[in-house]
Amino acid sequence: MDLLRCPWPANHKLAIEYHDHEWGVPVHDDYKHYEFLLLDAFQAGLSWNTILNKRENFRKAFNHFDFEKIAGYSEKKITQLLNDVGIIRNHLKIRATVSNAACFIKVRKEFGSFDHYIWRFTDGKSIINRYKSLTDIPPKTPLSDAMSKDLQKRGFRFVGSTICYAYMQAAGLVNDHLIDCFRYQQLVKL
């Protein structure tokens, strides 16, 4: 019997795998938080499948999403990334990735971890939504607006409200699996 899942992965193998094992699972690892922030920033204006198809290339190009290494990237490394056909070669997004890594480190110093900082927006628990259709899911919310504003105040770039909401979905700050999706109930129980 086929599992009933959200329709957005369609028949895309990587999207199905991501949906079934990662999307909406509460994240408490700072390296995973940074990975999702990075990938969601690069996804802006593109399809998520494009990012999933290039995810392993991103992982290699950006030192396995090690924000401490990324914060120290030289101009030579940035030029190397701009010439890497395996990733999205957007000059502004690549530079933002480097400066965001430095901001990420500052947040970790202030709060002890990025995880402690980011989960304050949801009072430490996932927001469980009850959507029946993809059209019910908003592209942003007042909470993602507040997150975006605070991140921007801290110097982050490519963290608009829509990007923040996509990040919140990925990192499990919200559960936006449709209520008839098999993952919905599994994640409600976490």
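User: Which residues of helix 8 are buried?

Analyst: In this predicted model, where local features need pLDDT of at least 70, side-chain atom pairs count only at pLDDT 80 or more, and totals for chains, interfaces and linings use all residues, Ser-144, Met-147, Ser-148, Asp-150 and Leu-151 are buried in helix 8. Buried means under 20% relative accessible area, exposed over 50%, and partly exposed in between (1.4 Å probe, protein chains only). Residues are numbered from 1 along each chain as its sequence is written, and side-chain values use heavy atoms, leaving out hydrogens and water.

User: Why is Asp-150 called buried?

Analyst: Its relative accessibility is 13%, so Asp-150 counts as buried.

User: What makes Lys-153 exposed?

Analyst: Lys-153 has 65% relative accessibility and therefore counts as exposed.

User: Why is Lys-32 called partly exposed?

Analyst: Lys-32 stands at 24% relative accessibility, and therefore counts as partly exposed.

User: Which residue meets Lys-32 in a salt bridge?

Analyst: The partner is Glu-22, at 3.2 Å from N to O. Lys-32 lies in helix 2 (residues 30-43) and Glu-22 in the loop between helix 1 (13-21) and helix 2, so the pair ties together parts ten residues apart in sequence. Helices here are DSSP runs (H or I, at least four residues), numbered from the N terminus.

Notes
Helix = DSSP H or I, 4+ residues; strand = E, 2+ residues; numbered from the N terminus. Salt bridge = Lys/Arg side-chain N within 4 Å of Asp/Glu carboxyl O.
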